[in-house]
Amino acid sequence: MTMTDPIADMLTRIRNASTAKKDRVEIPASRTKVEIARILDSEGYIKRHEVIKKDNFDVIVVHLKYKGDRGEVISGIKRISTPGLRVYARKDGLPKVLGGLGIAILSTSKGVMTEKEARAAGVGGEVMCYVW
């Protein structure tokens, strides 16, 4: 069976594993999902990620990060642009999540990046998700 929104599936797997206090979660890999995991890693929302081969398919293993007494580092993760409703932002109208406390992940002509990187590069793009 085909999946209509693989990015929403990835975000839901991370949200559910974080709520259940799991140490890691496995996600079917794609180039875009690996880039999202790289951004979550570089922004400090997860410990690390790795791409492994499992049963002839690539899988992203995301190692979740918690603070103190198993408090979640990712308190919210939300899909913005969906297959049925694409959401785009111009370079002068890039979103700020919680006044700059969170990040928006965009797909731009220069690759997948945060809204801060897109603002610095002077590009707009599709707003894929918010993380806070």
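Predicted model: local features only at pLDDT ≥ 70, side-chain atom pairs only at ≥ 80, totals over all residues.
Now turn to β9, where Ile105 has Thr114 as its bridge partner.

β8 (103–108) and β10 (125–131) run antiparallel and are joined by 6 bridges. β9, residues 111–114, also pairs with β8 in the antiparallel sense, over 4 bridges. Between β8 and β9 there are 2 residues, and the two strands form a hairpin. Is β8 mostly covered or mostly open? It is mostly covered, with 5 of its 6 residues buried.

Go back to Ile105 and show its surroundings. Leaving out residues up to four places away in sequence, Ile105 touches Ile36, Ile39, Leu40, Val112, Met113, Glu126, Val127, Met128, Cys129 and Val131.

Next, select the largest nonpolar core. It has 25 residues, and those touching the most other members are Ile14, Ile36, Leu40, Ile105 and Val131. At least two residues of this core come from each of α1 (6–19), β1 (24–28), α2 (31–42), β3 (57–64), β8 and β10. Which element gives the most? α1 does, with 5 residues. Apart from this core lies another, of 10 residues, including Ala89, Leu106, Met113 and Val123.

Move on to Glu115, which lies in helix α3, residues 115–121. Glu115 is buried but has no salt bridge. Its nearest side chain of opposite charge belongs to Arg119, 4.6 Å away. A salt bridge requires the nitrogen and oxygen to be within 4 Å. Neighbours within four places in sequence aside, Glu115 is in contact with Leu94, Pro95, Gly102, Ile103, Ala104 and Leu106.

Now select β1, β2 and β3. They make an open sheet of 3 strands, in the order β1-β3-β2, with antiparallel pairing. The edge strands are β1 and β2 (46–54), each of which pairs on one side only. From one strand to the next, the twist averages 25 degrees. Between β2 and β3 there are 8 bridges, and Lys54 stands opposite Phe57 in β3.

α1 lies across β1 and β3 and runs at about 165 degrees to β1. α2 packs on the sheet too, touching β1, β2 and β3, and its direction makes about 155 degrees with that of β2.

The last stop is the charged pairs. The structure holds 8 salt bridges. One of them joins Lys21 to Glu72, with the closest N and O atoms 3.4 Å apart. This pair links distant parts of the chain: Lys21 is in the loop between α1 and β1, while Glu72 is in strand β5 (residues 71–72), 51 residues apart. Lys21 counts as partly exposed at 33% relative accessibility, and Glu72 counts as partly exposed at 23%.

Arg24 is partly exposed, with a relative accessible area of 42%, and Glu26 counts as partly exposed at 24%.

Methods
Residues numbered from 1 in each chain as written. Heavy atoms only, no water. Core = buried A, V, L, I, M, F, W, Y, C linked by side-chain atoms within 4.5 Å. Buried < 20%, exposed > 50% of the residue type's maximum accessible area, 1.4 Å probe, protein only. Contact = heavy atoms within 4.5 Å. Pairing = 2+ DSSP bridges. Lys, Arg positive; Asp, Glu negative; His and termini not counted. Axes fitted to C-alpha atoms, helices over the stretch in contact; angles between N-to-C directions.
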